[in-house]
Amino acid sequence: MDGTLWDSSENVAKSWDEVVRKEKNGLRRITKEDIRGVMGLTMTDIAKTLFPMLKEEEAIALTDCCGEYENAYLRKFGGVLYPQLEDTLKALSCRYPLYIVSNCQKGYIEAFLDYYDFWKYFKDIECFGNNNMGKAYNIGLVIRRNRLDHAVYVGDIQGDYNASREAGADFVHAAYGFGSIRECVPAVLAFAKLPEVLAEIFEDETV
């Protein structure tokens, strides 16, 4: 989602900063750059990265509190969608079944789909917050659950590529997002270009 469908980093940072000020007396400021730096990580790894000064259990509890408030905040204020996102989702969903897999907390994907009324474009969702499993496992879970013969994962960071390969899915790099990929892979410089690349990947397959 983050760096692929939207950029929620500014509003996520605002929500987390509010929680940290309230719960930990301003332990540290949380900036948009901080959030962008951890997007794509599991919530456990985010806790370790942003709150290394706390004991692990305390850092995870604070992160969970931030995530819960973040969901409510995003349901109210949303984020920044990438250009032509809904038009592209509409076109893609007419040809391919679409799914979302993320390392986010439970409720984050739902907040995104609720705010923009995007449920109609997606067949299934899964995330770390539902089962405490990483992205590779959850990509595989969605593939099995929906009986997919050929899956393509679209992501923006190296971890997305690694997870997709481990799960047996092809990969397209969202090169407009937050990260880079070491390997030579199909890439798009804008989300609106995704249908063209997918058409080449699937060629004449029946979907």
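**View A. Val197 and its contacts in the predicted model.** Leaving aside residues up to four places away in sequence, Val197 touches Val172, Pro186, Ala187 and Val188. This is a predicted model, and here Val197 sits in helix 10, which covers residues 194-202. Val197 comes out at 14% relative accessibility, so it counts as buried, the cut-off being under 20%. For a sense of spacing, take Val185: it is 12 residues from Val197 along the chain, and their C-alpha atoms are 11 Å apart.

**View B. Strands 3 and 4, side by side.** Here we've got strand 3 (residues 99-102) paired with strand 4 (residues 124-127). The pairing is parallel and runs over 4 bridges. Look for Ser102, which stands opposite Cys127 in strand 4. To get from strand 3 to strand 4, the chain goes through helix 6 (residues 108-116), making a right-handed β-α-β crossover.

**View C. Glu126 up close.** Staying with strand 4, we turn to Glu126, one of its residues. With a relative accessible area of 6%, Glu126 is under the 20% cut-off and therefore buried. Its side chain makes a polar contact of 2.8 Å with the side chain of Asn130.

**View D. Who else touches Glu126?** Once residues up to four places away in sequence are set aside, the contacts of Glu126 include Ile100, Val101 and Ser102; these fall within the 99-102 span of strand 3. Glu126 also touches Ile109, a residue in the 108-116 stretch of helix 6.

Key: Residues numbered from 1 in each chain as written. Predicted model: local features only at pLDDT ≥ 70, side-chain atom pairs only at ≥ 80, totals over all residues. Heavy atoms only, no water. Pairing = 2+ DSSP bridges. Helix = DSSP H or I, 4+ residues; strand = E, 2+ residues; numbered from the N terminus. Right-handed = clockwise from strand over helix to strand, strands pointing away. Buried < 20%, exposed > 50% of the residue type's maximum accessible area, 1.4 Å probe, protein only. Contact = heavy atoms within 4.5 Å. Polar contact = N/O pair within 3.5 Å; in protein donor to acceptor, adjacent residues only side chain to side chain.
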